[in-house]
Amino acid sequence: MKETAKTSVTKPASKAPGGKKNRLLFMFLPVLVAVLLLLVPTPEGLQPYAWHFFAIFVGVIVGLIFEPLPGAVIGLTGVVVIALFSQWLLFSPDEMAAPKFKMAAASFKWAVSGFGNSTVWLIFGAFMFAAGYDKTQFGRRLALILVKYLGRRSLTLGYAITLADLLLAPFTPSNTARSGGTIYPIIANLPPLYGSKPNDPSARRIGSYLMWVAITAACITSSMFLSALAPNLLALALVKSTVGIAISWGTWFMAFLPLGVLLILIMPLLAYWLYPPEVKINDEVPRWASEELAKLGRLSRNEILLLVFVCCALMMWIFAASWIEPAMAALLVITLMLWTGVLEWSDITGNKAAWNTFVWFATLVALAGGLSSTGFISWLGKEGGALMSGISPGTATIVLLLAFYLLHYLFASTTAHTTALLPAVLTIGSTIPGMNMQVFCLLLVTSLGVMGIITPYGTGPSPIYYGSGYLPTKDYWRLGTIFGALFLVALIVIGYPWMSMMF
């Protein structure tokens with residue numbers, strides 16, 4: 001025991017200097033990039049303060065990519081820096097010359113503008129729904145029921161995992177929380193029942209197949225529902241602020257529905273063909289699921305209330321958006337959960353993930369809005385539109401979608417990708433004559449989930465499944481390329497015509 005304790009203390013200490021150096025380098029890199037851009041002469045046709053704002057914005061994005069500090073800290077730092085130096089970064093000379101203009105008040109108002117954004121509150125509300133799933137164990141019950149009835153065969157077990165994610169996705173705005181909190185803890189128990197071990201040749205018996213199906217399902221459902229991925233909600237706010245188009249929960253769902261249903265139906269089978277498990281049938285898994293369900297007991301009062309509340313929220317999001325703001329519907333349901341005891345106030349105040357995301361996305365919304373208010377986005381649109389002049393709207397749609405999708409290889413965060421690229425691509429598209437902007441917006445935002453499959457770092461759950469020991473690096477990259485290409489082709493061949501027909 002003493003030797004073990006000594007080893008556990010000594011080992012991290014030996015690695016600390018290298019880790020500290022990397023962290024210091026990653027902390028210095030965003031500052032260096034911002035400073036270098038500040039020293040670059042302002043491009044023709046752009047105001048100096050707009051270029052300076054863009055320099056700080058790029059520094060924030062670099063920070064979000066390398067994450068030397070939590071994303072919320074990086075976003076808050078960017079907002080504070082811009083607000084403090086707003087005279088050179090945020091406001092035009094004409095604005096500052098106005099008699100009633102007060103620099104300090106205007107800077108603070110901009111800095112906290114993201115916290116009043118309804119989409120940010122909707123994200124927060126959805127996290128509270130996820131907390132209800134976790135506390136009542138209703139999400140775990142759903143997954144175990146599916147495993148119990150579909151778990152005898154490897155293929156149907158793949159469908160059980162997919163359906164479990166599908167049922168949880170509309171009410172869980174973080175695919176990381178959905179996968180790491182419910183799906184992965186359950187399926188991690190399954191491979192050992194088949195004699196399939198991580199980091200071992202036996203991983204291919206079934207563990208590799210299950211983990212690949214799970215990450216793929218998480219990516220598909222993240223595109224299928226507006227409320228299934230936090231950056232989806234951020235994208236909603238960016239689309240509205242950039243091109244003035246509002247996308248409802250129902251519009252998003254209908255736009256991706258045919259493609260989503262097709263992918264849900266064929267993906268476990270496709271993975272079964274391309275990455276086949278060695279074990280096809282096993283009776284242990286349904287037996288284990290039955291034992292776990294017996295431990296949960298009968299459906300509790302809080303589980304029933306939670307189910308009623310989240311269904312009511314979903315109905316309001318789909319059918320009552322013109323009468324009640326979706327964020328207000330979420331707050332109403334949270335209030336009901338608190339009054340009925342489904343959640344306690346300590347569950348709200350102690351939910352670090354929710355508050356972290358709330359602050360993070362509020363700062364990103366403010367930063368993205370600043371790009372527009374300073375005139376940078378309109379300038380970028382003119383420049384980008386000039387480069388694409390003469391291209392037909394249909395060709396431009398596909399070219400810009402391809403660029404938006406493939407550039408995800410450079411990002412380890414869907415949030416960073418969305419914040420950095422979505423406003424720019426939307427602005428370029430809006431300058432092309434004849435472009436159907438409603439369709440173009442829907443194509444871009446619904447691609448955010450499925451593009452996460454292409455790399456082991458492409459979306460939140462990727463490191464969870466990649467680090468499980470069941471998906472070797474070469475297999476992950478190979479399958480990511482195959483499935484990523486299939487998803488992109490399906491989006492163009494099926495999603496694009498369907499959305500064009502709808503709008």
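The model is a predicted one, and every value below was computed from it. In outline, the structure holds 22 aromatic pairs, its largest pocket contains about 610 Å³ of space, and a search of the whole structure finds 1 cavity of 30 Å³ or more.

**Aromatic pairs**

- The rings of Trp212 and Phe483 have centres 5.6 Å apart and planes at 70 degrees, so this pair counts as edge-to-face, the cut-off for that class being an angle over 60 degrees.
- Because Trp212 belongs to helix α11 (residues 207–224) and Phe483 to helix α24 (residues 473–502), the pair ties together parts that are 271 residues apart in sequence.
- Both Trp212 and Phe483 are buried.
- Trp355 and Phe358 also form an edge-to-face pair, with 5.9 Å from centre to centre and 85 degrees between the planes; these two residues both lie in helix α18 (residues 352–373), where they are 3 residues apart, or about one turn of the helix.
- Within this second pair, Trp355 is partly exposed at a relative accessible area of 32%, whereas Phe358, at 7%, is buried, because buried means under 20%.
- Trp355 and Phe358 belong, together with Phe115, Trp121 and Phe124, to one aromatic cluster.

**The largest pocket**

- The largest pocket, with about 610 Å³ of space, is lined by 29 residues, of which Ser174, Thr176, Trp360, Thr415 and Gly460 are the closest to its centre.
- Two or more lining residues of this pocket come from each of the elements α2 (48–66), α7 (118–136), α10 (175–187), α12 (230–243), α18 and α21 (414–430).
- Helix α18, which also carries Trp355 and Phe358, gives the largest share of the pocket lining, namely 5 residues.

**The largest cavity**

- The largest cavity has a volume of about 50 Å³, and the residues that line it are Ala143, Leu146, Val147, Ala160, Ile161, Ala164, Ile183, Ile186 and Ile187.
- At least two residues of the cavity lining are supplied by each of α8 (138–150), α9 (154–168) and α10, and α10 is also among the elements that give two or more residues to the lining of the largest pocket.

**Nonpolar surface patch**

- Phe28, Val31, Leu32, Val35, Leu36 and Leu39 make a nonpolar surface patch of about 560 Å².

**Loop residues with positive phi**

- Gln137, in the loop between α7 and α8, has a positive phi of about 65 degrees although it is not a glycine, and at 36% relative accessibility Gln137 counts as partly exposed.
- Asn199, in the loop between α10 and α11, likewise has a positive phi, near 50 degrees, in a residue other than glycine; at 70% relative accessibility Asn199 counts as exposed, because the cut-off for that class is over 50%.

- Leu269 lies in helix α13 (residues 249–274) and is partly exposed, with a relative accessible area of 26%.
- The C-alpha atoms of Leu269 and Ala98 are separated by 64 Å, and the two residues are 171 residues apart along the chain.

Key:
Residues numbered from 1 in each chain as written. Predicted model: local features only at pLDDT ≥ 70, side-chain atom pairs only at ≥ 80, totals over all residues. Heavy atoms only, no water. Phe/Tyr/Trp six-rings, centres within 6.5 Å; stacked < 30°, edge-to-face > 60°. Helix = DSSP H or I, 4+ residues; strand = E, 2+ residues; numbered from the N terminus. Buried < 20%, exposed > 50% of the residue type's maximum accessible area, 1.4 Å probe, protein only. Patch = residues over 30% accessible without salt bridge, like charges linked within 9 Å, V, L, I, M, F, W, Y side chains within 5 Å. Areas by Shrake-Rupley, 256 points an atom, 1.4 Å probe, with all protein chains shown as cover. Salt bridge = Lys/Arg side-chain N within 4 Å of Asp/Glu carboxyl O. 1 Å grid on protein atoms, 1.4 Å probe; cavity = no way out; pocket = protein on both sides within 12 Å on 5 of 7 lines; lining within 4 Å. Points joined across faces, edges and corners; volume = space filled by probe spheres on them.
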